[in-house]
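This briefing sets out the fold, the pockets and the aromatic contacts of the chain shown below. Selected residues are then placed in their surroundings.

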Amino acid sequence: MIGKEQIIAFAAKKFTQFGSKRFTMDELAALLGISKKTLYKHFLSKEDLVTTCIQYLIDDYNQTLEQLLQDEKDPISSIILMYESAFDRLKYFKPSFIFGLKKYYPASNKVFDDFRDTFVKVRVYNLLEIAKKNGLLLDKVNLDLFCDLYFKRFEEIAFKSNNLFDVHSNKELLNHFIVYSLRGIAKKGYNNPYFK
């Protein structure tokens with residue numbers, strides 16, 4: 001018997017692969033070998049399932065970050081590692097997944113937007129603040145503006161018309177979206193291994 005957690009993990013993979021709107025509850029039930037009625041025992045609606053899948057993906061990513069960053073002391077390297085991990089995941093997402101949330105699943109989109117905002121305004125911002133206090137960044141850098149310009153909604157740019165993840169390597173995207181931006185606000189003499 002397939003449990004709720006297995007349904008969520010499988011559905012999350014299929015939604016990101018095919019788009020949350022395009023991949024139907026009928027297809028999900030058929031692939032899992034269960035009835036659609038069984039799905040609705042666990043989830044009130046498709047949007048409920050999509051929202052649960054979004055939260056599942058967020059929780060999984062946050063858990064990965066905790067393990068990844070536990071030994072990292074440099075705040076700039078931490079930011080780069082966080083985005084490197086994000087890019088490794090996003091390369092498997094179809095653009096229709098992100099855009100479908102906005103158009104068809106407002107509750108799911110809110111969960112995703114709240115995560116993204118917290119990620120940038122709390123996690124990234126706090127690490128930038130530590131870097132600035134430690135004398136690694138230029139004194140005049142406006143951290144709020146920098147976050148808004150370089151870290152907010154980068155996935156929408158990456159997925160716009162041409163999926164940049166299909167055209168460029170993760171390393172190239174990481175460098176152009178994240179590393180070069182951070183290097184531009186770093187003080188001379190700060191040697192970060194990612195800046196080489």
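**Briefing on the predicted model**

Ser85 is found in helix H5, where helices (H or I, at least four residues) and strands (E, at least two) are DSSP runs numbered from the N terminus. The model is a predicted one, in which local features need pLDDT of at least 70 and side-chain atom pairs count only at pLDDT 80 or more, while totals for chains, interfaces and linings use all residues. Residues are numbered from 1 along each chain as its sequence is written, and side-chain values use heavy atoms, with hydrogens and water left out.

**Overall fold**

- The chain contains 11 helices and zero strands, and its pattern along the sequence reads α-α-α-α-α-α-α-α-α-α-α.
- The C-alpha trace spans about 60 × 35 × 25 Å along its principal axes.
- Of the 196 residues, 46% count as buried; buried means under 20% relative accessible area, exposed over 50%, and partly exposed in between (1.4 Å probe, protein chains only).
- Among contacts with a separation of 6 or more, 71% join residues 24 or more positions apart, a contact being heavy atoms within 4.5 Å.

**Largest pocket**

- The largest pocket holds about 590 Å³ of space.
- A pocket is defined on a 1 Å grid over the protein atoms alone, as an open set of points where a 1.4 Å probe fits, with protein on both sides within 12 Å along at least five of seven lines; lining residues have an atom within 4 Å of a point. Grid points are joined across faces, edges and corners, and the volume is the space filled by probe spheres set on the points.
- The lining of the largest pocket consists of 27 residues, of which Leu57, Ala86, Arg89, Leu90 and Phe93 are the closest to its centre.
- Two or more lining residues come from each of helix H1 (4-18), helix H4 (46-69), helix H5 (75-90), helix H6 (95-104), helix H7 (106-133) and helix H9 (154-159). H4 provides the largest share, six residues.
- By residue class, this lining comprises 19 nonpolar, two polar and six charged residues. Ala, Val, Leu, Ile, Met, Phe, Trp, Tyr, Cys and Pro count as nonpolar, Asp, Glu, Lys and Arg as charged, and the others, Gly among them, as polar.

**Second largest pocket**

- The volume of the second largest pocket is about 160 Å³.
- Its lining includes Ile80 and Glu84, together with Tyr180, Arg183, Tyr194, Phe195 and Lys196.
- H5 and helix H11 (170-185) each supply at least two residues of this lining, and H11 gives the most, with seven residues.
- Six nonpolar, two polar and four charged residues make up the lining of the second largest pocket.

**Aromatic pairs**

- The count of aromatic pairs is 14; rings of Phe, Tyr and Trp (its six-membered ring) pair if their centres lie within 6.5 Å, with planes under 30 degrees apart counted as stacked, over 60 as edge-to-face and the rest as tilted.
- Phe18 and Phe23 form a stacked pair because their ring centres are 6.0 Å apart and their planes stand at 15 degrees. Phe18 is partly exposed at 32% relative accessibility, whereas Phe23 is buried at 4%.
- Tyr83 and Phe151 are likewise stacked, with ring centres 5.2 Å apart and planes at 20 degrees. Tyr83 lies in helix H5 and Phe151 in the loop between helix H8 (143-150) and H9, so the pair ties together parts that are 68 residues apart in sequence.
- Tyr83 is buried, with a relative accessible area of 1%, and Phe151 is buried, also with 1%.
- Ring pairs join Tyr61, Tyr83, Phe115, Phe119, Phe146, Tyr150 and Phe151 into a cluster.

**Selected residues**

- Ser85 is buried at 11% relative accessibility; beyond its neighbours within four places in sequence, Ser85 is in contact with Tyr61, Thr64, Leu65 and Leu68.
- Ser20 occupies the loop between H1 and helix H2 (25-32) and is buried at 0% relative accessibility. Not counting residues up to four places away in sequence, Ser20 touches Phe15, Lys46, Val50, Phe97, Gly100, Leu101 and Tyr105.
- Tyr104 belongs to helix H6 and is partly exposed, with a relative accessible area of 37%.
- Lys21 lies over the face of Tyr104, at 4.9 Å from the ring centre; a charge sits over a ring if NZ of Lys or CZ of Arg is within 6 Å of the ring centre and within 35 degrees of the ring normal.
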